Structure formats: structure tokens, C-alpha cells
Amino acid sequence: MPVTHEDILHWLQQSAQVLHEYSAFLTQLDSAIGDADHGINMDRGFTAVNAKLTGLSDADIGTMLKTVGTTLVSTVGGASGPLYGTAFLRAGMVSSGKQSLETSDLITLFDAALEGVKVRGKAQAGEKTMLDALIPAIEAGKQAAANQLSIAQVLQNMTAAAEAGMKNTIEMVATKGRASYLGERSVGHQDPGATSCWLILQAFSDTMTPDAAHE
Amino acid sequence: MPVTHEDILHWLQQSAQVLHEYSAFLTQLDSAIGDADHGINMDRGFTAVNAKLTGLSDADIGTMLKTVGTTLVSTVGGASGPLYGTAFLRAGMVSSGKQSLETSDLITLFDAALEGVKVRGKAQAGEKTMLDALIPAIEAGKQAAANQLSIAQVLQNMTAAAEAGMKNTIEMVATKGRASYLGERSVGHQDPGATSCWLILQAFSDTMTPDAAHE
Amino acid sequence: MAVGIVIVSHSARLAEGVAELAEQMSMGEVTIAVAGGTDDGSIGTSLDKVIAALQKAANPEGTLVLLDLGSAVMVTEMALEQLDPSERQHIIISTAPLVEGAVLAAVEASAGSTLAEVAEAANNGHEMPKGKQA
Amino acid sequence: MAVGIVIVSHSARLAEGVAELAEQMSMGEVTIAVAGGTDDGSIGTSLDKVIAALQKAANPEGTLVLLDLGSAVMVTEMALEQLDPSERQHIIISTAPLVEGAVLAAVEASAGSTLAEVAEAANNGHEMPKGKQA
Ligand SMILES: Nc1ncnc2c1ncn2[C@@H]1O[C@H](COP(=O)(O)OP(=O)(O)O)[C@@H](O)[C@H]1O
Ligand SMILES: Nc1ncnc2c1ncn2[C@@H]1O[C@H](COP(=O)(O)OP(=O)(O)O)[C@@H](O)[C@H]1O
Ligand SMILES: [Mg+2]
Ligand SMILES: [Mg+2]
Ligand SMILES: [Mg+2]
Ligand SMILES: [Mg+2]
């Protein structure tokens, strides 16, 4: 079963809800190695996204994702705005005109999103950023796709890999973004952006695995 | 005839008046190589000094000059505040308890003032600052004193030397203060601080040469 | 016309303060546009404000953009991507320290220098004497 | 207690903006006192404001003073001369770029570092990545 237009809508709504619930937690993570606003930023951004979604019930997936991108860029106010904004914009560009996504489309979409984050933030794996959740997630997704797993299973594996990647950021030294101002002192703290990335992937996985949602 | 307590009072009043009259001119000079406030700064400072003078009719010369120094430091708001402030404070210190000044006292006073400007601004001759008026003025004053000239003549020679020094700043490259941000472009402009220094010395000279005042 | 200057900061007050200080040295001869804070007035950056500031400062001589923190680069680059390539090539994002670079850039721009010269002057902000050398 | 920070600027808004940005990174664990503008609110520096800020930030760990322009050094030195020598020796005037130095100093101070370490961290503001390296 492909990912439908309605699934994307539900995923985005679910993301908004989860990011709202985890807002204080994300901000607390950011207070240790940043400026204590990542939860506020993501909540503000996805609240604005949520408000736009009703107007998008007729749009194709590409248009929806591009709208998410521009909304995040204009509302988030922190580094995560341009980063997630570019990710969704690029994801939207490679999904132009689509009403549903097969597994291969999904991989293409995530590859484009990843490329967007890399281009925007000029970071790579191991720098204690959202990339450290996203990169292993996409690798796991490609592996699952190669093994012909269902889309729900692909997304579950991606989420699990993102979670592991997120936890690996604890031991990393930040070399990009505000956390890099702490140098070695950033070690021992989980990266807020990697955490929000995991939450967003989990929302996607939950959307495609109805029985397991909020397991 | 020594410089009396009343002469000092008159000199300071005269300085306040002249700096008020020349305020626009000094600011115009500062607009070419600085931030267009030297006239405003000096006028504000000496207006405050003037307001304090009435309360100082019983004070000795040292106390008067120290009060001028602290008043300038707290009211001027630009580099000239700490510079002239320190100059007057140091001049006041070496005039402590005095009710009148002989030529030698005057040289001591100016040497102390010069030392104060140098310590505060860490500049030397040739850097296109008020020092380029003050240093030649004091040299001329010492020369005149060595030649046994009258105090009026000593101050007239000092003023003439300050004026020449002030004009020499036109060809100098600024290497201290805001004008140094212009580098070579500061050449061709007269230094505002050297100009105010000349005006203050001229006010002193005029005070001690009643007939020649406003010649 | 003089090269324009854009100040991008996470704080609106900071951006305005830098502009006020730089304007003292350029006497109205240089357009100094600010993009400070988020759209709702909190601390952060705003794409719309950056675009508006770039438009306000736009002129044939080019524009130098100065930033407070590294993360302001991303929003600035997104703003640049929304401009015509012809406009974009006349804009440089400075790596200079914000306050010191802005003051020196304002001085240089008001002298009628080129964009490259203004960008170089801003970088001299690293050597602006403070403390013992002042 | 953490090392204190004093921001001396010719502009009140600039000083407050820098403090607001730096406070984001130190979460109230560091006293950041400002001395911006003249007593009558125009652009310039104020001896009284600098003295008041030094008193507000004073603490046993010491204080780092960051300045916008070279001429602010003079008023700061005059303020220091009015303090007890015992207090004065715990105060360093930084040569770091104002905004970048203040943010890094706030981070370092909030980690409980010594005055010397905070002063060194501020100087890393020169290398704060912006533009291509960000
Ligand atoms: N250059 C970068 N590349 C990738 N991710 C980054 C980069 N800089 C910051 N991040 C991510 O952004 C997160 C911080 O986001 P947020 O707090 O919203 O922004 P800000 O740091 O501007 O306050 C970090 O936890 C990190 O995951
Ligand atoms: N380091 C210094 N040593 C001596 N004089 C200086 C120094 N810096 C600046 N000046 C003098 O101060 C004058 C500028 O004074 P003013 O405009 O009142 O201050 P600001 O430059 O802070 O606006 C200059 O013209 C110069 O003569
Ligand atoms: Mg943050
Ligand atoms: Mg932020
Ligand atoms: Mg001036
Ligand atoms: Mg000034």
C-alpha cells in the first residue's frame, strides 16, 4: 500500500501534535547545549503548518510538502527553520504532482530532504546535529526497501535507526550550530534537532502503522 | 603678574563660550573623519562646567581644575571626555591648594595635563590628535618661559604654536581614535580635538591679555 | 551611490544598535538596513525581514551583509536564493565581527568604495584596536 | 558563582541586544550588566553607567568587560581607577569582538570557568564561523 495524500496530511498533523507535546522536552535539551528554544521553534513552526493544512486538502503531495517547507522557514526563527524548511522544500520538489508515494518515491523524497539539510547547514555525519538521526534513518530505509519490506516496516526501521542515531549524539562533540560554542562540553547531551527529527519520523511511522500508533 | 583664581574662572567661562560658538565648526570637522559630535560633546561638557563654576568661587585653583576634570568625564560622552577630563584632573592635582600660578606653575600644570592625555589615550605626537596641538604648545611655552617672557606672552606663544600644530594635523594620517578607521583617507582634514585644544588655549591667552581679547 | 549594508541579527535591538553606531560614521551616505529578531518580535531570525532589508539596501554598487551568529547565514542564504541571480551576484555575506565590521564597512562605503573593498574593510574589524593597543 | 560580564557600548540598544543574545546562552547563570549610551540617552559612553555596571557584575570570580569601539577603553579604564585595587585585579578588559565575544564568554562563564578562561573564550569570537565555514 503506497503512502497516500491523506497519509501525508495525517503525518503532518501528527507531527504537529507530537512536537507540541514534546516542546518542553526539546527546549530542555536545547537549554543544555543551545539557547533553549528548539521546542518553542518547532512547535511554532508546526502549529503554523497545521493551520495551513486545511487549505491543502486538494493539493498534490509535492505542493503540500513545499508549503510545509516555506511555512517552517518563515515561522521557526532558529537554525531548524531553514534546515527543516529546505528539507521539506526539496522533498516537495521531487514529489511534484504526486498523489501517492511508493517505497522508491519515499526513498527519493528522503534523499532529497537529506541533501537539502546538508546543503543548507554544510554539516556532515558525526557533528551532533539532526543529520545524525536522519542519515542512519535513510540508510535503514534503503536497506529495508532492498529487502522488499512494507512501507510501514520501512518507516518503522527508519524510526528505530533515527532513535539510535539520536542517542549516539550524546557522546558526540558538536562542531556545527550553537552547540559548537560549547566545544567538548557539548558531550553528554542529546542533540535537540536529532530528537525532533526522530519524533517527526516516528509520527510518519505511526501514521502508516495504525495499530501500533501510540503503542 | 601671576594667573589668579579669578583668571582661571574667567578662562573656563571664556572656554565654555568659545566652545559653544565653535560647536558647529568642531562637529563639522568631526563629521569628515569621525562621528560628527565633537562640538556637541565639548559644548555639553563645558556647559556643565560653567554651571559648576558659580559654586567654586571660594575653591583653590587645584580644586577648580579637578572639578572641571570630573565634570568633563561625566558629561562629554566621547573620547574627548576621558582625555580632557584626565588632563584637567592631572592639572588640578599639581595645582592643589594654589590661589595663583607663576609661569613655572603653569608649565608644571600643562606638563601634568599632557601626561594625562598621553596616559589616557596611549597616543603620541604625529597621530593626528589633540596632542598635536598640545605638545608644540607646551614646547613653545617652555621656550617662552626660558626667555623670561610675561605669562600673557607665554600663553600667546603657546596658542600660536597650538594653532600651527592644529594645522599640521591636516596632512597627518590618523592612527588613534575613530579617525583611524579612515586610514589614509583621514589626510586632508583638520583634527577636531586639536582644534578644540587650540580654542581652549586661546581662551586662556585672551583671558590673560585683556586688550587683545577677541582681537 | 554607496554600497549598501544589511545587518542580520537574532535580536532586533542589537541590529538597530549596530545600525545606529555605523550610521554615525557614514552620515546618511550609506543605506544601512536591519533584519533583527523574528516576525513576532522574539529572538531569532526572519526570512521576510532579511528579504525586506536586502531590498531596502539594494543598489547598483552592491550590498554587504553582516551577521551576528553563524546560524544567521542559513536564513540569509535562503533570502539570497529568492533574488534574481543578477541581484545576488552583487551581495556578499561577510565573515567579519558584526559591530566592528559594520562600523568599518560604513566608513569604507561612505567613501564610495567598491563592494570588494567594503567587504575587506569589514574584515579589518578583527584588528580593531581595543584595550592596550587603543 | 560565575564570572560576570559587562557590556560597554556607545549605543544603549546595542548593549541591551548583546546582553539579550548572550543571556540566551547562559540561562541566567551569569550576571551580564550593560553600560550603553550617555547619561542623557544619546550615543556615547558614560562613566557612571560603566561604574554601575561593574558594581552590578562584581563577584569573587571576576568580571570580563567587552567593548564596542576602541574609545570605550578610556572610560572603562577611568571607571576601573575608581575601584579598589583589590577589585580591579579581578577585572579584564577584553579585546574580543563585542557580539561574538560576549556570546562565547557567556557560554564559558556559565560552565563555571575562571576569568582567564572566560577571557580566552571571548577571544575565540574572532574565529566564530560565519559564511562558508558555518
Ligand atoms: N549546520 C547545521 N546542520 C545541521 N543541523 C544543524 C546545524 N546547525 C544546527 N543544527 C540543528 O539545529 C538544532 C537547533 O535548532 P534550533 O534550536 O531550533 O535553532 P537555534 O540553534 O538557531 O536556536 C540543533 O540541535 C541541530 O540539530
Ligand atoms: N587615543 C587618543 N589620544 C589622544 N587624543 C585622541 C585619542 N582618540 C581621540 N582623540 C581626540 O579626540 C577627538 C575626538 O573627540 P570626540 O569626537 O569628542 O570623541 P569620539 O571620537 O568618541 O566621538 C579627536 O579629534 C582626537 O583629537
Ligand atoms: Mg535553539
Ligand atoms: Mg534560537
Ligand atoms: Mg566624535
Ligand atoms: Mg562620539
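**Notebook: magnesium sites, ligand 2 and the C/D pair**

I looked up burial in chain B and found that Asp30(B) and Asp37(B) are both buried (under 20% relative accessible area, with exposed over 50% and partly exposed in between; 1.4 Å probe, protein chains only). I note that this is a predicted model, in which local features need pLDDT of at least 70, side-chain atom pairs count only at pLDDT 80 or more, and totals for chains, interfaces and linings use all residues. Residues are numbered from 1 along each chain as its sequence is written, chains are lettered from A and ligands numbered from 1 in the order in which they are written, and side-chain values use heavy atoms, without hydrogens and water.

**Magnesium, chain B.** I then checked the magnesium ion (ligand 5). Asp30(B), Asp35(B) and Asp37(B) coordinate this ion through OD atoms at 2.0 to 2.1 Å. I counted as donors N, O and S atoms within 2.8 Å of the metal (3.2 Å for Na, K and Ca); water is not among the atoms, so sites may look incomplete. Along the chain, the donors of ligand 5 are spaced D-x4-D-x1-D. Asp35(B) also coordinates the magnesium ion (ligand 6), which lies 3.5 Å from ligand 5.

**Magnesium, chain A.** The magnesium ion (ligand 4) is 3.5 Å from ligand 3, and Asp35(A) coordinates both. Asp30(A) and Asp37(A) are buried.

**Ligand 2.** I found 20 residues around ligand 2, of which Asp35(B), Asn41(B), Ala79(B), Ser80(B) and Asp191(B) come nearest (a residue is near if one of its heavy atoms lies within 4 Å). I next looked up polar contacts, meaning pairs of N or O atoms within 3.5 Å. A polar side-chain atom of Ser80(B) is 2.4 Å from an oxygen atom of the ligand, and one of Asp37(B) is 2.9 Å from an oxygen atom of the ligand. A polar backbone atom of Gly121(B) lies 2.9 Å from a nitrogen atom of ligand 2. On its own ligand 2 has 570 Å² of accessible area, and the protein covers 95% of that (Shrake-Rupley method, 1.4 Å probe).

**Chains C and D.** I superposed chain C on chain D with a rotation of 180° and 0.0 Å of shift along its axis, at RMSD 0.0 Å (least squares on C-alpha atoms of residues with pLDDT of at least 70 in both). The two copies are thus related as by a two-fold rotation axis. Both copies use the same surface, since 100% of the contact residues of chain C recur in chain D (contact: heavy atoms within 4.5 Å).

Conventions. A polar contact is a pair of N or O atoms within 3.5 Å; within protein, one must be able to donate a hydrogen and the other to accept it, and residues adjacent in sequence count only if both atoms are side-chain atoms.
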